[in-house]
Amino acid sequence: MGPLGIVLIIIGVVLFIVLISSIRIIPQGNAVVVQRVGKYHRTLETGFNWLVPFFDKARATVSLKEQVADFRPSEVITKDNVKIMIDSVVFFQIVDPRLYTYGVERPMQAIEALTATTLRNIVGELELDETLTSRDMVNGKMRNIIDEATNPWGIKVHRVELRNIMPPPAIQDSMEKQMRAERERRQAILQAEGEKRANILVAEGEKQAAILRAEARKVALLTEAEGQAQAIQKIISAKPDAAYLTLQGYDALKAMAAGDATTIIVPSDLQNVATLFTSIQGTLSAAGKVAKPKA
């Protein structure tokens, strides 16, 4: 092989190497910014791409996936002059690789500085208690402001989260004491409410028991009265003679003697007892005749 053949082989190898190096395969979720003669030319999408040798150059490879930026804590002063440390997390995505590449120098550092200044402006208008209880409001305001500011950089901010809010140790101790006192107050209120309900239930139970006892006594007295009335009515219906009434008078005297009475008055004529029962019989008969028309 002569010198010409060797030169041709060398040229062929060089051309092959240049051809291979001009082929770019872009993986999923990435994009490549290409410059031609020092000027932006185009953005290579996912898949097989071809670069013109010696003229096209890959300026930057950009990830199109959503990313998380965890920034260091920033010192912020609230409206009531309390210094607190807040660290934030920003979730963003590069939507325009060309703007991201040429829009700002060191984009992540720019986002961190923008996040810190925005946080100071928003929290500076809030008191400490409002800052601790208004995280969602602060997150929403920060997201809108940062997203609008990073739009010329080809960055879309999806979420901004305040991860930690750290007041000074003295404030933390005071807050813990306040929370402890609040828990004790709620416990005392709950205990008092429980005792109140228990007393009400006991009182209601005693009331119902008293009502039931009174109802039971009433029913017993009515039953006893009805029984006595029925017994007397039966005696009247049987038309007892004087001898029977005299015997009943004796039984009544025996019952009286067996009782607790210390003095018993005995009629001089026991026949008066029979007369007494006869009078009762007449009275009950008259009452029965008067009551019948009402039935």
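**Chat about the core and surface of a predicted model**

Trainee: Which residues have the most contacts inside the largest nonpolar core?
Mentor: Ile84, Ile86, Leu119 and Met142, in a core of 29 residues. This is a predicted model, where local features need pLDDT of at least 70, side-chain atom pairs count only at pLDDT 80 or more, and totals for chains, interfaces and linings use all residues. Residues are numbered from 1 along each chain as its sequence is written, and side-chain values use heavy atoms, leaving out hydrogens and water.

Trainee: What's a nonpolar core, then?
Mentor: A set of buried Ala, Val, Leu, Ile, Met, Phe, Trp, Tyr and Cys residues joined through side-chain atoms within 4.5 Å. Buried means under 20% relative accessible area, exposed over 50%, and partly exposed in between (1.4 Å probe, protein chains only).

Trainee: How much of the chain is buried?
Mentor: Buried residues are 24% of the 295.

Trainee: Back to Ile86: what is in contact with it, leaving aside neighbours within four places in sequence?
Mentor: Arg72, Pro73, Ser74, Val76, Leu119, Val123, Leu162, Asn164 and Ile165. Contact here means heavy atoms within 4.5 Å.

Trainee: Which residues are in the second core?
Mentor: That separate core has five residues, including Ile26, Val32, Val34 and Leu51.

Trainee: New topic: where does Leu4 sit?
Mentor: In helix H1, residues 3-21. Helices (H or I, at least four residues) and strands (E, at least two) are DSSP runs, numbered from the N terminus.

Trainee: Is Leu4 buried or exposed?
Mentor: Exposed, with a relative accessible area of 63%.

Trainee: And how many helices and strands are there?
Mentor: The chain has eight helices and nine strands.
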